[in-house]
Amino acid sequence: MELTFYIASAVAILSTIMVITRYNLIHALLYLVVSFLAVAVVFFTLGAPFMAALEVIVYAGAIIVLIIFVIMMLNLTQEDVQREKDWLKPSLWVGPALLSAVLLAELVYIISALDVPATATIAVPAKVVGLALYGPYIIGVQLCGMLLMAGIVGAYHLGRQQKKVVHRFLQERSAAQ
Amino acid sequence: MNGITMEAGLLLAGILFFLGMISVMIRRNVIFMLISVEIMLNAAGLAFIVAGSHWVQPDGQIMFIFILTMAAAEVSVGLALILQIYHQLKTLDTDAANFMRG
């Protein structure tokens, strides 16, 4: 189980690196699916099998498919891939990457300085999660429902194509000109 | 059973978050920035799961469910905004959207 965790972590990190270095959007999304699946395996080894299932269904399923639909609507071509390549010059990404790497090194140092005893991973069953979700966290569930409702209404309102309403008289006049 | 240390899980979450943060900063394509935000949210959820499994409490998993809900709502609204930006500006470049016009 421990070896599974480390292999899945390596897969997750490698595929995420591939995501952030791709020029083609679809290739990046395919690597992102691999990354999410690897994180789902990590959840499973950490004793959260229900969350692993949710990760696969919601992240690798719903969210990726939503992004793919939008990419299909945008009609991206090979020129867009080339433009992405032009945008991602080393002179642009070296600075932020180096400074973030310094911060990551500090984070690694701080976390490795923690002295937490390695405890056996005991799976938290989904039943306990459900009881807590609809017990002390019921207000959070209701807020999540309101958030999803706002998301649906907001996406509908923003995604609607605004029709240009032109009066018949103006249309005839512009056609005559 | 097994002995996955809390440090290893938190390190994985930190590295994934860091990769997403770099991608948000270096990309100009707005869809790539949205994908990177998803990576960062996923890493934050992973940190919650690690903490929840360390203390054998359901709270970490519940926080992950909330993060999942928030990510789903965020990506739907974000993609609708991207479609609007693309129809208005005919490009996905975020630098093209640096002006306000009613």
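How exposed is Arg28(B)? Arg28(B) comes out partly exposed, since its relative accessible area is 25%; here buried is under 20%, exposed is over 50% and partly exposed is in between, with a 1.4 Å probe and protein chains only.

## Ground rules

This is a predicted model, where local features need pLDDT of at least 70 and side-chain atom pairs count only at pLDDT 80 or more, while totals for chains, interfaces and linings use all residues. Residues are numbered from 1 along each chain as its sequence is written, chains are lettered from A and ligands numbered from 1 in the order in which they are written, and side-chain values use heavy atoms, with hydrogens and water left out.

Arg28(B) pairs with Asp93(B) at 2.8 Å, N to O. That links the loop between α1 and α2 of chain B to the segment after α3 of chain B, 65 residues apart. Arg28(B) also meets Asp95(B), at 3.4 Å, N to O, and because Asp95(B) too lies in the segment after α3 of chain B, this pair ties together parts 67 residues apart in sequence. Put together, Arg28(B), Asp93(B) and Asp95(B) form a network of salt bridges. Asp93(B) is buried at 10% relative accessible area, whereas Asp95(B) is partly exposed at 43%.

Then there's Arg27(B), whose side chain meets that of Glu84(A) at 2.8 Å, N to O. Arg27(B) is in the loop between α1 and α2 of chain B and Glu84(A) is in helix α4 (residues 78-87) of chain A, so this pair joins two chains. Both partners are buried. Asn29(B) is in that loop of chain B as well, and its 7% relative accessibility makes it buried. Leaving aside neighbours within four places in sequence, Asn29(B) contacts Glu84(A), Trp87(A) and Leu92(B), contact being heavy atoms within 4.5 Å.

## Helix packing

Helices here are DSSP runs (H or I, at least four residues), numbered from the N terminus. In chain A, the axes of α2 (residues 25-45) and α3 (residues 49-74) come within 8 Å and cross at roughly 170°. Axes are lines fitted to C-alpha atoms over the stretch in contact, with angles from 0 to 180 degrees between N-to-C directions. So α2(A) and α3(A) are roughly antiparallel (over 145 degrees; under 35 counts as roughly parallel). Their contact residues divide into 21 nonpolar, no polar and 1 charged. For the bookkeeping, Ala, Val, Leu, Ile, Met, Phe, Trp, Tyr, Cys and Pro are nonpolar, Asp, Glu, Lys and Arg are charged, and the others, Gly among them, are polar.

## The nonpolar core

The largest nonpolar core has 75 residues, and Met51(A), Tyr59(A), Ile67(A), Ile31(B) and Leu46(B) have the most contacts inside it. Such a core is a set of buried Ala, Val, Leu, Ile, Met, Phe, Trp, Tyr and Cys residues joined through side-chain atoms within 4.5 Å. Elements giving two or more residues to this core include α5 (90-113) of chain A and α2 (30-54) of chain B.

Not counting residues up to four places away in sequence, Tyr59(A) touches residues in both chains, among them Phe36(A), Ile64(A), Leu41(B) and Phe64(B).

Note on methods
Parallel < 35°, antiparallel > 145°, perpendicular 65-115°, else oblique. Salt bridge = Lys/Arg side-chain N within 4 Å of Asp/Glu carboxyl O.
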